[in-house]
Amino acid sequence: GAQGFVDYLVSNAGQKSFARFGFARVAGSHLTIQLPSGQARELSYADIQKLEPFNVSAKAHGKSHEWQGTKLITLLESAGFKFEKPSGGGASVRQYLILEADDGYKVVFAMGELDPIITTSPPMVAWRQDGKPLSADEAPLRLIVAGDPRGARQVRKISRITVGQTD
């Protein structure tokens, strides 16, 4: 039906079809992930929503909510990032992430904060809140960090993720 057509239009295949005829990409239809190798990967929001589901209860603006999405590390791995699972001196403790919103707001995470050996509350990328799609001022993706009491790192309208590494 109509939703299937819209999903196709914003999918990688749909966007490639438009590009062949000289049309620009649909604004806000993709998330760009810059890997440490310098390679940039673009994932459509429709494809992101097919990743392994993850749900968490967390507060936003003082109110508890149920968030639905996927773990941030799952998203990165789907883009080709190879997370070094063993902790303690590996690349994962020397790497970092910069998450950027479409308005330029940025936050930084140490990659170790995504390591399941180090944290019991992994950051997630949500596309639903309390069983409903995110509101227009948060969509299409919002970062949720259940352990952050103030929520300052809960980026709304995520548009780009950059993975870097210190020497």
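Select Val 93, Ile 117 and Ile 118: a nonpolar surface patch with about 290 Å² of accessible area together. Patch members have over 30% relative accessible area and no salt bridge, with nonpolar side chains (Val, Leu, Ile, Met, Phe, Trp, Tyr) joined within 5 Å and like charges within 9 Å. Areas are Shrake-Rupley values with a 1.4 Å probe; for residues, only the protein chains shown count as cover.

This is a predicted model: local features need pLDDT of at least 70, side-chain atom pairs count only at pLDDT 80 or more, and totals for chains, interfaces and linings use all residues. Numbering runs from 1 along each chain as its sequence is written, and side-chain values use heavy atoms, without hydrogens and water.

Stay on Val 93. It sits in the loop between helix 4 (72–78) and strand 5 (95–101). Helices (H or I, at least four residues) and strands (E, at least two) are DSSP runs, numbered from the N terminus. Val 93 is partly exposed at 41% relative accessibility (buried is under 20%, exposed over 50%, partly exposed in between; 1.4 Å probe, protein chains only).

Next, salt bridges. The structure has 6, each a side-chain nitrogen of Lys or Arg within 4 Å of a carboxyl oxygen of Asp or Glu.

Pick Asp 137 and Arg 156: their closest N and O atoms are 3.9 Å apart. Asp 137 lies between strand 8 (132–133) and strand 9 (142–144), Arg 156 between strand 9 and strand 10 (158–165), so the bridge ties together parts 19 residues apart in sequence.

Arg 142 is buried at 3%, and Glu 138 is buried at 6%. Show all four together: Asp 137, Glu 138, Arg 142 and Arg 156 form a salt-bridge network.
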